[in-house]
Structures are given as C-alpha cells and as structure tokens.
Amino acid sequence: ITLLEGKGADHILFVEKVSNNVKLFGVGDNEHSQLGQGASSPRSITRPVEITGITDISLLATGREHSM
C-alpha cells in the first residue's frame, strides 16, 4: 500500500506500509543527495532504494532538486 508519493524534477520518493511497518523509498537522480543516499556526485539510481533512519512519516514533499 503506497501512502505518500512525491515527484521532483528527476526523482520520486514514495512511502510504503505493510502491516505496521513504514518504509521510505527513492528512485531517480541523486546529484544533490535528494534520495538520502549521501552521494553528492551525479548519480542516477534506477531501482528503488530504501531511505533508512526514518521511523515515522506524516508529510512528504519534493522539489526540483530536493526532498523533505
């Protein structure tokens, strides 16, 4: 079940809930670390990667080259 989704210029974030387990994923351009992977070099991520360290999500927002 997808709860929230955010679309930036070249990246997407989405939240998935299975039972009581909530996970945040990202896919697309990570040039400015907008996928939470900590890489500042231009990098395209073509398969969804889990963004760890998030325990609760109530709002999801993406911009051209950022995510919140």
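**Exercise 1. Work out how many helices and strands the protein chain has, and in what order they come.**

Step 1: Start with the rules: helices (H or I, at least four residues) and strands (E, at least two) are DSSP runs, numbered from the N terminus.
Step 2: Count them up, and you get 0 helices and 4 strands.
Step 3: Now read along the sequence; the pattern is β-β-β-β.

Before going on: this is a predicted model, where local features need pLDDT of at least 70, side-chain atom pairs count only at pLDDT 80 or more, and totals for chains, interfaces and linings use all residues. Residues are numbered from 1 along each chain as its sequence is written, and side-chain values use heavy atoms, with hydrogens and water left out.

**Exercise 2. Find out which strands pair with β3.**

Step 1: Two strands pair if DSSP finds at least two bridges between them.
Step 2: Look at β2 (residues 11-18) and β3 (residues 21-29): they run antiparallel, with 8 bridges. Here V18 sits opposite N21 of β3.
Step 3: Move on to β4 (residues 44-51), which is antiparallel to β3 and joined to it by 5 bridges. In that pairing, F25 has E50 in β4 as its bridge partner.

**Exercise 3. State what share of the protein chain is buried.**

Step 1: Buried means under 20% relative accessible area, exposed over 50%, partly exposed in between (1.4 Å probe, protein chains only).
Step 2: Of the 68 residues, 29% are buried.
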